[in-house]
Amino acid sequence: MASLDDVVKRLEAAALRLESLVKTSVPGAAVTATSAPASSSSAAGGPAAPAVTAFEELRAARLAVFLDLASRIGGPVDEQAKALAVAFDSERDLIATAAASKKPEQSKLQELLTVVSNNMQGVIAVKDTNRASPNFNHLSMVAEGVGALGWVAVVAAPGLTPVSFVGEMNDASRFYSQRILKEYKDKDKTHVEYAQAFGALLTDLQAYIKQYHTTGLSWNPKGGDAVSHKPSAPAAQSSPAAPAGPDPSAIKGLFSALNKDEMQGELNVRLALKKVDKSEMTHKNPALRATSVVPAQAEKAAAAPKPAAAGMKGPPKLELQGGNKWIVLALKDAKLTSYIDNCKKTGVVVESVVSSIEVINCQSSQVQILNTAAIVVVDKTDGLQVYISKESAGHLQVFSAKSSAVNMLIEGDGEDGGFIELPVPERLKTVYKDKKLISTLVDDAF
């Protein structure tokens, strides 16, 4: 078996050959594929253009490994990983748009963020439709962690930054990754590497944001209009088949040679480069953290974020009005998940939520969605009114458990264009048939 040094030399030689192919195919050219994106890049200047390149490198280095491991597991895990790749691609397009454009007004910005949000929901939907899967922990890990892509909507505020936001999502997904590691530690190495690869992806995303988007998504103050910008054009830069690019047959031959060596049993490069001695792991050696790219202070910020502070407009406020009704200051542009826990006679209004609204242990409360939301989770709640906007009515999903008197009010479907109120069924009829229990809703009493 070849040594690690031999593998590194082969990779260096391959890199030199690739560089020579590019230079001979495009003499004197810069690292751009078409004239149109080149002008956008030059207009952008500053750190924006490197931010796009760095994100593409992150995708190629970390996401590709994760996709490969997911394909080995197959089934819903592979399906969800492909949906995650689509979400990363849409986020790459948004970063490229920001690099070439001025920051638009809030309403236009929401339109741009909707693409990323919808693709994130596609990742979560795979988990929700495969709850009986034996790999449900895998699906839950990614569904919790995909929220990290919502950092593009986060603006730095006391207690919350894009970096700490991603750290919070990484911590949430780690709950399920630990389950995977515990279950498959001595069974299947592929599942172990799958969980580790996803954690590494989010950790590298956090480092990327710290370098290029510390206080929020970086826009180009001298750029053009963000809405009219076409993200598909910059995406062609990475295509080896572009007319101005190197000869595709030469590159194909190069990688075929590398693959042939690997198939002959030399060494699996990816696995070889992943192995790290315990003495070099920062989480096992606190002394090494002092030299880490992400300092310990950033980790502490990620462990104790205050997402509610960024969602509030003005100082937090809770007051009793009329002697019988508690009012909570409305949440403006809630970024990922809004939690309403252990509240009584409370009203909450949100404009848009990227992921979900969770109402837990509440009594006699109301939630109103002004624009869009995808999921409302109701658990152990008695008496809840959910006011749903026209934009959300067609796709909003409500999951309820151990709850009663939950009503949905749909905008525009009532008399004179008002709200129509519909109760969420509470009663189930369960019968035993063919050696299993079959449950159906009993809603005629409503």
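The lining of the largest cavity comprises eight nonpolar residues, one polar residue and no charged residues (Ala, Val, Leu, Ile, Met, Phe, Trp, Tyr, Cys and Pro count as nonpolar, Asp, Glu, Lys and Arg as charged, and the others, Gly among them, as polar). The model is predicted, so local features need pLDDT of at least 70 and side-chain atom pairs count only at pLDDT 80 or more, while totals for chains, interfaces and linings use all residues. Residues are numbered from 1 along each chain as its sequence is written, and side-chain values use heavy atoms, with hydrogens and water left out.

A search of the whole structure turns up one cavity of 30 Å³ or more, and the volume of the largest cavity is about 30 Å³. Here a cavity is a set of points, on a 1 Å grid over the protein atoms alone, where a 1.4 Å probe fits but cannot get out, and lining residues have an atom within 4 Å of a point; grid points are joined across faces, edges and corners, and a volume is the space filled by probe spheres set on the points. The lining is formed by Leu84, Phe88, Gly145, Val146, Ala148, Leu149, Phe198, Leu202 and Leu205. Helix 4 (75-100) and helix 8 (189-212) each contribute at least two of the lining residues, and helix 8 gives the most, with three. Helices are DSSP runs (H or I, at least four residues), numbered from the N terminus.

How do these helices sit together? The axes of helix 4 and helix 8 come within 14 Å and cross at roughly 10°, which means that helix 4 is roughly parallel to helix 8 (angles under 35 degrees count as roughly parallel, over 145 as roughly antiparallel). Axes are lines fitted to C-alpha atoms over the stretch in contact, with angles from 0 to 180 degrees between N-to-C directions. Val77, Gln80, Leu84, Phe88 and Ile95 of helix 4 touch Tyr194, Phe198, Leu201 and Tyr208 of helix 8, contact meaning heavy atoms within 4.5 Å. This contact has eight nonpolar, one polar and no charged residues.

Helix 8 also packs against helix 7, at an angle of about 170° and with the axes 9 Å apart, so helix 7 is roughly antiparallel to helix 8. The residues of this contact divide into 12 nonpolar, nine polar and one charged.

Helix 7 (residues 162-184) in turn meets helix 6 (residues 136-145) at about 165°, with their axes 7 Å apart; helix 6 is therefore roughly antiparallel to helix 7. Six nonpolar, six polar and three charged residues make up this contact.

Methods:
Angles under 35 degrees count as roughly parallel, over 145 as roughly antiparallel, 65 to 115 as roughly perpendicular and the rest as oblique. On a 1 Å grid over the protein atoms alone, a cavity is a set of points where a 1.4 Å probe fits but cannot get out, and a pocket is an open set with protein on both sides within 12 Å along at least five of seven lines; lining residues have an atom within 4 Å of a point.
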